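Hello,

Here is the structure I promised to pass on to you. Please open it and keep it beside you while you read the rest of this email.

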Amino acid sequence: MSVHRPGSDRPVRPRPLAVLVTALLAALSLTLPLTSAHAATRPSRGSAHMGMGVPAHDGRHGAPTSGVVTQTEGVDVSAYQGNVAWSTLWSSGVRWAYTKATEGTYYTNPYFAQQYNGSYDVGMIRGSYHFATPDTTSGAAQASYFVSHGGGWSKDGKTLPGALDIEWNPYGAECYGRSASQMVSWIADFITTYKSLTSRYPVIYTATSWWSDCTGNYGGFAADNPLWIARYASDPGTLPAGWSYCTMWQYTSSGPTVGDHDKFNGALDRVQALANG
C-alpha cells in the first residue's frame, strides 16, 4: 500500500534494505541469549582439575572391588577443594597425595602451599601435577613453568615425581585442536623438558578413551612414564597401548573428605620407591 507524505501527492514506498536490516537485527536478538548461555557452560581458565571430564565422557560404573593385590589409598586435590583437612584424611588411611600446581603457563593454584605442604606435614608422600593445555603454549614451555611453580622433585623419600594431567579439554575441542601426531609431539616435548630439569620422568595421568581419540592410542611412553589411569568403575579397565599395568588409579570423584580418591598399585613401600626414583 502506498503512503503519502502530508502536503505531497508523491507516494513513498517501503524501502527493501531497511526492512531487511530490521529483520536481521530481530533474528540476531533471538540468537544472542543462546550464545551467552552456551558460553556460560564453559569453565573459566585455570579451574580445570584431574578427572573433571571423566563423568561426562566415560561415566560412572560402580565402586572398586577387593583384589588380591595390596593397594595404598591416595587423593588428588586442586583449588576446587580449598583448604584440605589433611589430618582427617590421614586418619582415614590416606597415605599419598597429589596437588595441582599449575595450568598452561597462566595459572598457579592459590591453595598450593596449604595443600602441598599440609599433606607432607601429616606424614603423606606427596607430589604435584600440571593440567596441560596443548592449545596455548608448547610442551617445553609448560614443563618449565610447572617446575618453576611447585612441580620440582627432590630425593627426600616423600616427594613423588610430577604428573602431567592430559585429558579432555574443558574449554573447547576435545583434543585441543591437535592431530594425534601433534599431540604425541607435544607430550614428548613436555616429558623431555621435565626430565632435563628434574632428572625424573613425569607420571602421565589420562583416560583410555581420551588417549585413544587424541594420541591414536600411542604406546611409546610406557617404557619410562608411570601411568595414572582415570576410570570410575570396579576396575581400571582396558589401559592405553604399551602399559600392561597402571601405577595409580583414580577411581572416584565422590570419596569422603576429598572427592577425588586414588589407589596406588602396591603397598606403601612401593609408593616410597617411586618417590625415591
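Below are some notes on its nonpolar cores and its salt bridges.

This is a predicted model, in which local features need pLDDT of at least 70 and side-chain atom pairs count only at pLDDT 80 or more, while totals for chains, interfaces and linings use all residues. Residues are numbered from 1 along each chain as its sequence is written, and side-chain values use heavy atoms, leaving out hydrogens and water.

Let's start inside. A nonpolar core is a set of buried Ala, Val, Leu, Ile, Met, Phe, Trp, Tyr and Cys residues joined through side-chain atoms within 4.5 Å. Buried means under 20% relative accessible area, exposed over 50%, and partly exposed in between (1.4 Å probe, protein chains only). The largest nonpolar core has 54 residues, and Trp 96, Tyr 98, Ile 166, Ile 187 and Trp 228 touch the most other members. Another core, of nine residues, lies apart from it and includes Val 75 and Leu 89.

Now for the salt bridges (a side-chain nitrogen of Lys or Arg within 4 Å of a carboxyl oxygen of Asp or Glu). The whole structure has four of them. In one, Asp 135 meets Arg 45 at 3.4 Å, N to O. Asp 135 is partly exposed, at 36% relative accessible area, and Arg 45 is partly exposed too, at 40%.

Glu 73 and Lys 263 form another, at 3.1 Å, N to O, and both are buried. Glu 103 and Lys 100 pair at 2.7 Å, N to O; these two are also buried.

Happy exploring!
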